[in-house]
Amino acid sequence: MAETPGAVALMQQLHDEHAGALWGYCLRLTGHDRPRAEDLLQETLLRAWRSSRLLDESRGSVRSWLFTVARNLAIDEWRTKRGRTELTVAEPPEPDGSQGARDHTDQLLLSWVVADAIARLSEDHRAVLLRCYYRGMSVADAARDLDIPEGTVKSRTHYALRALRLALEEMGVTA
């Protein structure tokens with residue numbers, strides 16, 4: 001656009017009437033990132049300068065046109081940025097030892113859930129499970145340690161596992 005007195009006056013009027021509202025809109029579009037909002041506002045006004053023939057109020061709201069241009073510029077920027085930062089792969093990468101320390105969050109959370117479920121069991125059931133499953137004792141060793149018959153250890157183990165499964169189900173854990 002040629003820099004005519006009429007064009008300069010039109011841009012001055014455009015700025016005076018719409019710059020404040022457009023600035024606020026650009027801030028919201030960019031998540032209050034001031035430098036990006038300034039770039040967005042400047043590009044919007046530059047496009048208005050280049051397209052001044054479109055800024056006739058009889059063709060529609062100038063403010064609406066400015067806001068639409070700003071929104072489209074923000075969307076284009078987002079799409080371009082997303083395209084540069086996203087990496088498309090057929091399968092998610094498999095974790096291997098070369099990535100440094102592995103994330104054991106799932107195991108930690110599961111152990112907390114199991115510990116909470118075991119805490120809900122009776123003392124007799126907890127004692128049998130502790131010896132047979134956590135300490136790896138045989139039925140005979142657990143019976144001697146608890147001073148109960150081997151048959152009782154087997155029976156308590158059976159019912160303890162059943163109670164543990166029920167406690168886990170009540171906590172929302174399913175197999």
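Me: Before we start, what counts as a helix or a strand here?
Reply: Helices are DSSP runs of H or I with at least four residues, strands are runs of E with at least two, and both are numbered from the N terminus. This is a predicted model, where local features need pLDDT of at least 70, side-chain atom pairs count only at pLDDT 80 or more, and totals for chains, interfaces and linings use all residues. Residues are numbered from 1 along each chain as its sequence is written, and side-chain values use heavy atoms, leaving out hydrogens and water.

Me: Thanks! How many helices and strands are in the protein chain?
Reply: The protein chain has seven helices and zero strands.

Me: And how much of it is buried?
Reply: Of the 175 residues, 26% are buried, meaning under 20% relative accessible area with a 1.4 Å probe, protein chains only.

Me: Which residues touch the most other members in the largest nonpolar core?
Reply: L14, L22, C26 and L66 do, in a core of 18 residues. Such a core is a set of buried Ala, Val, Leu, Ile, Met, Phe, Trp, Tyr and Cys residues joined through side-chain atoms within 4.5 Å.

Me: Which elements give two or more residues to this core?
Reply: Those are α1 (5–29), α2 (34–50) and α3 (62–85), with α3 giving the largest share, seven residues. A second, separate core has eight residues, including I118 and L164.

Me: Switching topic: which way does α5 cross α6, left-handed or right-handed?
Reply: The crossing is right-handed, that is, the near helix is turned clockwise from the far one by less than a right angle.

Methods:
Buried means under 20% relative accessible area, exposed over 50%, partly exposed in between (1.4 Å probe, protein chains only).
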